[in-house]
Amino acid sequence: MSHNQRIVSGMRPTGPLHLGHYFGVIANWIKLQEAYDCFFFVADWHALTSEYADPTRIKGFVPGLVKDWVAAGLDPDKCAIFQQSQIKEHAELFLYLSMYTPLGWLERCPTFKEMNAELTQKDLNTHGFLGYPVLMAADILMYKPKAVPVGKDQLPHLELAREIARRFNHLTSSEFFPEPADMLTEECKLNGLDGRKMSKSYGNSIKLSEPLDEIIPKIKGMKTDESRLRKSDPGDPAVCNLYPYHKLITDPARLPEIQEGCKNATWGCVDCKKVLIESLERFLTPLHERRAACTDERVAEILAAGNKKAREYAAATMADLRALVNF
Ligand code: TRP
């Protein structure tokens with residue numbers, strides 16, 4: 001496959017994935033694995049930039065993330081699944097790229113400013129955290145990908161990776177790093193069960209690995225169209241917190257019936273939730289089966305194969321780069 005068919009993306013191992021991750025990121029990866037030479041990795045060093053004071057949890061989250069990916073439908077026979085910290089070349093490229101990266105670019109990075117303001121309980125005034133986008137540039141540029149599928153929040157990092165590539169090319173009078181394009185992932189349209197953004201920290205999400213008997217009471221308590229107080233009031237799927245779930249998870253053939261029932265007040269929210277519970281069961285059962293089949297031994301095998309493939313590419317990039325910079 002020619003180099004411009006490569007795709008690289010990563011995720012930090014910070015806990016179990018939920019439906020928001022599935023529809024926001026993973027569903028797109030699953031499509032991409034059919035058409036591109038994909039490298040998907042667990043960004044454990046990136047997790048360390050904020051968790052360095054207590055890194056023990058990161059290790060536990062690594063196999064869980066791989067299991068969630070496989071459960072969701074990533075196929076290790078179609079894409080390379082690897083672990084960032086096992087490819088030491090990423091650290092070496094991070095070092096080289098650091099030499100070329102002006103401090104001002106990093107200090108101005110919006111994610112640096114925001115995270116530092118938000119996560120006040122952690123000290124993120126570190127060299128490592130400031131360098132987060134440089135490490136990410138190394139992850140990306142290592143594989144000279146055609147594009148990087150990311151959400152909107154990661155675009156400033158991708159832009160920095162391109163600027164670093166440009167500056168490196170300029171200062172080495174080379175075209176060593178092709179500039180990776182962005183491939184913007186559509187934002188997930190699901191809010192959390194309480195109507196706020198779905199987030200692990202709000203406790204309003206449905207995890208991909210969550211047993212159905214734990215999901216059912218959550219759906220029963222889920223917020224719907226708040227202006228619909230009684231069953232006899234007509235509802236509006238367009239403003240309902242639950243309807244987007246039907247749009248993504250329920251058989252499309254059933255949507256007209258749900259819409260009509262809500263608008264005519266012939267259906268109550270309880271009816272609607274019953275259908276959603278059935279839909280979730282249908283959607284999650286194969287995921288749960290694949291997850292159960294993905295044992296720790298299987299995870300080790302998957303990572304060993306993915307790491308091997310990544311390492312081959314990384315070793316070749318670094319050999320060329322060292323020659324170029326005379327080291
Ligand atoms: N920063 C990304 C996130 O938090 C994770 C990440 C690390 C990444 N390295 C990457 C994503 C390289 C794409 C490419 O989501």
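Before we start clicking, one term: a residue is buried when its relative accessible area is under 20%, exposed when that area is over 50%, and partly exposed in between (1.4 Å probe, protein chains only). This is a predicted model, so to speak of local features we need pLDDT of at least 70, side-chain atom pairs count only at pLDDT 80 or more, and totals for chains, interfaces and linings use all residues. Residues are numbered from 1 along each chain as its sequence is written, and side-chain values use heavy atoms, with hydrogens and water left out.

**Stop 1: a buried glutamate**

Select Glu 210. Its relative accessible area is 2%, and therefore Glu 210 is buried. You'll find Glu 210 in the loop between strand S5 and helix H10 (212-220); helices (H or I, at least four residues) and strands (E, at least two) are DSSP runs, numbered from the N terminus.

What does Glu 210 touch, not counting residues up to four places away in sequence? Show Ser 205, Ile 215, Lys 218 and His 288, where contact means heavy atoms within 4.5 Å.

Now look for salt bridges (a side-chain nitrogen of Lys or Arg within 4 Å of a carboxyl oxygen of Asp or Glu). Glu 210 makes one with Lys 218 at 2.7 Å, N to O, and one with Lys 207 at 3.7 Å, N to O. Lys 218 is partly exposed at 26%, and Lys 207 is partly exposed at 32%. The side chain of Glu 210 also reaches the backbone nitrogen of Lys 207, at 2.9 Å.

**Stop 2: a chain of charges**

The structure holds 21 salt bridges. For a group of linked ones, select Glu 159, Arg 162, Arg 166, Glu 179 and Asp 182, which form a network of salt bridges.

Zoom in on Arg 166 and Glu 179, whose side chains meet at 2.9 Å, N to O, in a salt bridge. Arg 166 sits in helix H9 and Glu 179 in the loop between H9 and S5, 13 residues apart. Arg 166 is partly exposed at 39%, and so is Glu 179, at 40%.

Then move to Asp 182, in strand S5. Is Asp 182 buried, exposed or partly exposed? With a relative accessibility of 37%, Asp 182 counts as partly exposed. Its side chain joins that of Arg 162 in a polar contact of 3.2 Å. A polar contact is a pair of N or O atoms within 3.5 Å; within protein, one must be able to donate a hydrogen and the other to accept it, and residues adjacent in sequence count only if both atoms are side-chain atoms. Leaving out residues up to four places away in sequence, Asp 182 touches Val 148, Leu 155, Leu 158 and Arg 162.

**Stop 3**

Select helix H8 (132-141). Ten of its ten residues are buried, among them Tyr 132, Met 136 and Leu 141.

Follow the chain into the loop between H8 and strand S4 (147-150), and pick Lys 144. Phi of Lys 144 is near 40°, a positive value in a residue other than glycine. Most residues other than glycine have a negative phi. Lys 144 counts as buried, at 18% relative accessibility.

For another positive phi, go to Ser 173, near 45°, in the loop between helix H9 (155-171) and strand S5 (181-184). Ser 173 counts as exposed, at 69% relative accessibility.

**Stop 4: a lysine in H3**

Select Lys 67, found in helix H3. Lys 67 counts as buried, at 16% relative accessibility. Its side chain makes a polar contact of 2.8 Å with that of Asp 296. Beyond its neighbours within four places in sequence, Lys 67 is in contact with residues including Arg 291, Cys 294 and Val 299.

**Stop 5: where the domains meet**

Colour domain 1 (3-190 + 295-324) and domain 2 (212-289); these bounds come from an automatic or database domain assignment. Their centres, taken over C-alpha atoms, are 36 Å apart. Seven residues of domain 1 are in contact with seven of domain 2.

How much area do the two domains bury between them? About 680 Å², 87% of it on carbon and sulfur atoms. Buried area is the accessible area (1.4 Å probe) that two parts lose on being put together, summed over both. Select Leu 19, Phe 23 and Leu 190: they supply 65% of the area that domain 1 buries against domain 2. Between the domains there are zero salt bridges.
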